[in-house]
Amino acid sequence: MSQFLQQVINGLSLGSIYALIALGYTMVYGIIKLINFAHGDVYMVGAYTAFICTAWLGFGFFPALIASMVVCGLLGVLIERLAYKPLRKAPRITALITAIGVSYILEYTMQYFMGSEVRTYPNVLPKTTYQLGPVSVTTHQIYIFAITIVLMVTLQFIISKTRMGRAMRAVSVDEQAAELMGINVDTTISFTFLLGSALAGAAGILVGIYYNTINPLMGLTPGLKAFVAAVFGGIGSVPGAVIGGLFIGIAETMVVAYGSSLYRDAIVYAILIVVLIVKPTGLLGKNQREKV
Amino acid sequence: MEPVLQVKNLSRHFGGLTAVANVSFDIQPGELIGLIGPNGAGKTTLFNLLTGVYEPSEGLIEMDVDGKPTQIGGLPPYKITDLGVARTFQNIRLFREMTVLENVKVAMHRNIRYGVISAILRLPKYYSEERWVEEKACEYLKEVGLYAKRNELSVNLPYGEQRKLEIARALAIQPKILYLDEPAAGMNPQETADLTALIHRIRKKYGLTVILIEHDMSLVMKICERIFVLDYGKLIASGSPEEIRKNEFVIKAYLGEEI
Amino acid sequence: MPKSVFTKENLCWVILSVVLFGVLTLLMQAGIINSYYRITLFNICINIMLAVSLNLVIGICGQFSLGHAGFMCIGAYSAGVITKMIPNYGGLLLGILVGFAISAVAALIVSVPTLRLKGDYLAIATLGFAEIIRILVQNMTITNGAAGLSGIPALTTWPILIVGVIVAIAVCSNVMRSAPGRACLAIQDDEIAAEAMGINTTKYKVMAFVIGALIASLAGALFACSFYVIKPSQFTFNRSIDILVMVVFGGMGSMTSSVLAAIAIGLLNTILQNFTDLRMIIYGLALVIMMIFKPNGLLGKRELSFKRILARREAGKEAS
């Protein structure tokens, strides 16, 4: 039993990271109906930014976290302005292919400059383990939980209580109507990317310190898994992304613990396929009908 | 005579909204029916129910197929088309990347007698069927006067001709029942007159039952033998053009309570 | 006089194929195409087969599949495993047929539930399926797991490969220019209108998907028997993207441009072989720039059509 609870704790840590990445996917999809394929690579850039800050520039944890979030946020906005904005009216396939192109650019530019070898993080956080009854929790996990909760609460606050948040919700429902109400759609979309990418940056540094190793292609699989999480929870739904992320994290951890680690990725894809077949709109998503 | 289409207590709800409410009517073969009503009355929704785009929430739709009444409510659109039903769309849905001729050829799909294996192996069946398709497609284009423009991209046609192409496409399905959704929308009086003549001609030539939605009252009153009036999803009146013109419910629906 | 296979147009295609085959064979025998370039040529041929088959799924039927590598994987491993046991042409044929059978089943399993999804979702679902296939292959004993299969007999000779390429192009092209092909194009253009025309959209989407899968499987089989070794890592998402790039670059929907793009990219890959990272960065940039400025690809939907060329010559002769 304690093994099981331990795995749940581990799953929640992993899931929190997926949730942070999934939030970026879901917000972007909600507002411009694009699966931002490059999002996983933004997360990778976050991991590397934090690596450079901590390993080469001697930053502490929180400064590196801030740096990561800022760099990724700006990167997200840059990508949106250069690659996605010109294609806002284009068919979805075109935009998707562009996103794939951006993904390649990010991955291989990073590989070109930083090499493909794995990098390890210095110890910026104390490595203690706490016993809470039958389970043990490491400092890293506590930091992950705490930071994830703080970020999610902040995000929820921004979305529901600020003008920008209202604008984001309006644009995702009806872009033209929002524009007619005086909302600057371009700025709103850029802001969405800023938020989503900043969260991915946070996820990047958290992964770096949790797993301790990073490489330029690390964004691909977690990116896909986070996307599955977003779909599971209902793409376009912020609480859905969180639930989805945690669920995927726990599912993956359970498969590794009780099944075979060889299938850790396969289970996530299997969940995706089941969701798409049974309820494509996900847990909390909404139905969209085409008018005939 | 057996009705070609029988609708019994047909309703369609969208969540809390009832778009079509308990509609019943019969249509005899060869009739030319008009369906009118204020905007939002549920006319296109009714068409969508009759052509399979929507499933009925309640009620039955029966079509005469080779002498047997067949339930078609809830069937997918392609199956209903296969039974001999064709429609045009309110917002013109031509195949924009295809030529005029190709658009019509696509519509002949249900009558083409070769499959993908014959296509891949280029069996003789492919060649003979394709020749037949080409001939018939050109015939339908000549019927609506678009033969000369058959190799134009459909999206390059002027608006009035796009509407005619939609009709040619519908003819190519070789239907029994033809649904026209606002066929004269956006047309000037000359174009409307041409359209009126076309509808008369094809109905007679191809033995069609025609049901059309229209807002252009002159067209409806002139051409339709019977008119159904919808308001808020309910069938509030049906009868000949004279009867409808004088019907107080119809007048109220269009002009409001005060007269 | 009923038309048949023996038209002037088809004759032109036969002549073109024979000439190309002859020229390339001579170049190989003369040693101008040495063993190094032979590898490039073989890769280009495999890529042509993959590109035209993906073009059928994406460019003709409008189904954005990112799982093509999965079917190539099935074909490759079927042929690899069987030819190791039966190292002759019979074994190759059997391997190809087994690959067809498994790919067809896999394609049906993948397509029937996912083809009702729209663009983005379909892409991810097919990607997920391809990854599942690859992970399964990676973890089975018969396929030797992550280490891959080695010592596969090199049964894919140049004539066999060319036949494969011609079959791939002919099948895809014949489907495209037929009633089922028109149905697919209609589905891509306006699915709701296509259904209203009596087209069973699911049936045709599945049809295109399965045909695409079978040809990818054939390509995989010929691939396996060309280079002695196959590994699961050769059939990842990256492979699916490579094929996608070829289809998109030339122009989705045009067979000719898929062929030309496959050739161009195959040559580029060889030239830039030592610059992997730069090459991928350039790929990425090219994708982005292409989508922003020329989303219809370099050639758009234009096809090489002997019918048009011959018709123009006729018109020219009559004028003079």
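Q: Where does Arg122(B) lie?
A: Arg122(B) is in the loop between helix H4 (116-121) and helix H5 (124-144) of chain B. Helices (H or I, at least four residues) and strands (E, at least two) are DSSP runs, numbered from the N terminus. This is a predicted model, where local features need pLDDT of at least 70 and side-chain atom pairs count only at pLDDT 80 or more, while totals for chains, interfaces and linings use all residues. Residues are numbered from 1 along each chain as its sequence is written, and chains are lettered from A and ligands numbered from 1 in the order in which they are written.

Q: OK, and what's the phi of Arg122(B)?
A: Positive, about 50 degrees, although Arg122(B) is not a glycine.

Q: Is Arg122(B) partly exposed or buried?
A: Partly exposed, because Arg122(B) has 16 other C-beta atoms within 10 Å. A residue is buried if 20 or more other C-beta atoms lie within 10 Å of its own, exposed if 12 or fewer, and partly exposed in between, with C-beta atoms placed from the backbone.

Q: What about Lys33(A), where is that found?
A: Lys33(A) is in the loop between helix H1 (2-32) and helix H2 (39-56) of chain A. Lys33(A) is not a glycine, yet has a positive phi of about 55 degrees. With 18 other C-beta atoms within 10 Å, Lys33(A) is partly exposed.

Q: Switching to chain A as a whole: how many helices and strands?
A: Chain A has eleven helices and four strands. Buried residues are 52% of its 292 residues.

Q: And which box do the C-alpha atoms of chain A fill?
A: Roughly 55 × 45 × 35 Å, taken along the principal axes. The radius of gyration of chain A is 19 Å, which agrees with the value near 19 Å for a compact globule of 292 residues. That radius is taken over C-alpha atoms, and the globule rule is 2.2 Å times the number of residues to the power 0.38.

Q: At what angle do helix H5 and helix H8 of chain A pack?
A: H5 (residues 139-161) and H8 (residues 185-211) of chain A pack at about 175 degrees, with their axes 10 Å apart. That makes H5(A) roughly antiparallel to H8(A). Axes are lines fitted to C-alpha atoms, for helices over the stretch in contact, and angles run from 0 to 180 degrees between N-to-C directions. Under 35 degrees counts as roughly parallel, over 145 as roughly antiparallel, 65 to 115 as roughly perpendicular and the rest as oblique.

Q: Which residues in H5(A) meet H8(A)?
A: From H5(A), they are His140(A), Ile144(A), Ile147(A), Leu151(A) and Leu155(A). Among their partners in H8(A) are Leu195(A), Leu199(A) and Tyr210(A). Two residues are in contact if their C-beta atoms, placed from the backbone, lie within 7 Å.

Q: OK, chain C now. How many helices?
A: Chain C has 13 helices and zero strands. Of its 320 residues, 50% are buried. Residues 24 or more positions apart account for 82% of the contacts in chain C with a separation of 6 or more.

Q: How many residues of chain A are in contact with chain C?
A: 33 residues of chain A are in contact with 31 residues of chain C. H4(A) gives the largest share of chain A's side, 15 residues.

Q: How many residues of H10(C) are buried?
A: Eleven of the 14, so H10(C) is mostly covered. What covers the buried residues includes H4 of chain A, plus H2, H3, H5, H11 and H12 of chain C.

Q: What does Met290(C) touch?
A: Val248(C) and Phe249(C), not counting residues up to four places away in sequence. Both of those are among the buried residues of H10(C). Met290(C) itself lies in helix H12 (residues 276-293) of chain C, and is buried, with 20 other C-beta atoms within 10 Å.

Q: Last one: how many residues of H5(C) are buried?
A: 17 of the 20, so H5(C) is largely enclosed by the rest of the structure.
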